[in-house]
Amino acid sequence: MSFSGWKKYIGDGDLVIFYINRDNLSPVWIKSGKSSTNRFGLFEHDNLIGKEFGSRVISSNYKGFIYLLHPTPELWTLVVPHRTQILYLPDISFITTYLDMKPGSHVLECGTGSGSFSHSIARTIAPTGKLFSFEYHSQRAELAAEEFRSHGLGDLIELKHRDVCRDGFGLKDTVNAVFLDLPAPWEAIGYAKEAFKQHQTGKICTFSPCIEQVSRSVASLNDHGFVDITMYECLIRNHDVSFIQKVAFKDAIQQAKEKKENVTLGKRKSDVILDLDDTVEKMLVSKTNVEARGHTSYLTFATFLPAFEENKIDTSANITASLV
Ligand code: SAM
């Protein structure tokens, strides 16, 4: 069973995400002879083995139904046992894109925490990339390592138990991207610089809830020669999509005039609102709430540039070559 691959049918020993409703999902390891109970009743695993992922199944005692979903990093983030604060999908997708992660990338992440982001990184860089993940809390490190193994990510993720602010990453000339989600990222930035592939540009991101932490990280990024330092905040806004009736400009003017005349004649305001009927063409619009919730942290990005001297292009050689 693997997060990096895809299966059609559920087998004995597979991890399945039970979708009970929008706010209620749970991870279940399928085991022949076992059963699971939730608010919709009893689900015997023997009845689930052989079912297609995505199927809707009714409980043995006919109390209701659930959907059997294939595990994905997105679903795992919704069901992961929280051992720490975790990264959620808006930040995950933003960081993944801005750090240019792709199949084959070598990525460094610290700390591993609950492994929410690690699952998404692993899927993005598979099959040939590598995630170097660091965690200084021994129990968290053990649990995460075991989870990565059982999810089929053992070859993609190398988890190391260490305090990176004290001991560094022990990596040199290895990674394309660095993500730091720990209380004092500025203490690890110098070590992160060594971990970058030294002859390519690379990207770094620090994730911090307070602006004071951002300010210290920016100072450290600057001191270590990173460029393009930019801070973003990922805010969530709900879009309510609904139909409204389309009104031609001249009709709108006419309605406004009529309203004005009626108000002048002393009619009550409620009598003068013209209801548009069903014959009027409709269009879809999206309204957003003014209030935007969902801030988790500030995302500070910067670019690592290879040392200028080592990469200096020998322009004289190029000119000579083109003349010849
Ligand atoms: N990004 C993770 C996720 O999505 O699940 C959550 C990371 S959690 C907020 C921060 C983790 O960093 C904690 O588990 C903590 O133990 C670890 N940490 C803090 N300082 C560290 C250090 N100096 N070296 C290694 N790990 C550290």
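**Close-up views of a predicted model**

**View 1. Helix 3 lies across strand 10, strand 11 and strand 15.** Helix 3 runs at about 10 degrees to strand 15. This angle is taken between N-to-C directions, on a scale from 0 to 180 degrees, using axes that are lines fitted to C-alpha atoms, for helices over the stretch in contact. Helices (H or I, at least four residues) and strands (E, at least two) are DSSP runs numbered from the N terminus. Please keep in mind that this is a predicted model, where local features need pLDDT of at least 70, side-chain atom pairs count only at pLDDT 80 or more, and totals for chains, interfaces and linings use all residues. Residue numbers start from 1 along each chain as its sequence is written.

**View 2. Asp-91, Ile-92, Ile-95 and Thr-96 are the buried residues of helix 3 (residues 89-98).** Seen down the axis of helix 3, these buried residues fall within an arc of 125 degrees, so they line one face of the helix. The arc is that of the directions from the helix axis to the C-beta atoms. A residue is called buried if 20 or more other C-beta atoms lie within 10 Å of its own, exposed if 12 or fewer, and partly exposed in between, with C-beta atoms placed from the backbone. The packing partners of the buried residues of helix 3 are helix 4, strand 10 (177-180), strand 11 (202-208) and strand 15 (298-304). After helix 3 comes Asp-100, with a positive phi near 55 degrees.

**View 3. Phe-117 sits in helix 4.** Phe-117 counts as buried because it has 26 C-beta neighbours inside 10 Å. Leaving out residues up to four places away in sequence, Phe-117 touches Leu-87, Ile-92 and Glu-109; two residues are in contact if their C-beta atoms, placed from the backbone, lie within 7 Å. Leu-48 is 69 residues from Phe-117 in sequence and 29 Å from it in space, C-alpha to C-alpha.

**View 4. Seven strands form an open sheet in the order 9-8-7-10-11-15-12.** The pairing in this sheet is mixed, and two strands pair if DSSP finds at least two bridges between them. Strand 9 (157-161) and strand 12 (227-233) stand at the edges with a single partner strand each, so one side of each is left without a neighbour in the sheet. From one strand to the next, the twist averages 15 degrees. Strand 10 and strand 11 pair in the parallel sense over four bridges, and Val-178 has Ile-204 in strand 11 as its bridge partner. Helix 8 (residues 211-223) lies across strand 11, strand 12 and strand 15, at about 5 degrees to strand 15.

**View 5. The ligand is surrounded by 22 residues.** Leu-87, Gly-111, Gly-113, Ser-116 and Tyr-136 are the closest; a residue is near a molecule if its C-beta atom, placed from the backbone, lies within 6 Å of it. Helix 4 (116-125), strand 8 (130-135) and helix 6 (164-167) each supply at least two residues of this shell. By class, the shell has ten nonpolar, eight polar and four charged residues. Here Ala, Val, Leu, Ile, Met, Phe, Trp, Tyr, Cys and Pro count as nonpolar, Asp, Glu, Lys and Arg as charged, and the others, Gly among them, as polar.

**View 6. Four strands form an open antiparallel sheet in the order 2-1-6-5.** Strand 2 (24-29) and strand 5 (56-58) are the edge strands, each pairing on one side only. Strand 5 is joined to strand 6 (residues 65-69) by three bridges, and Ile-58 stands opposite Phe-65 in strand 6.
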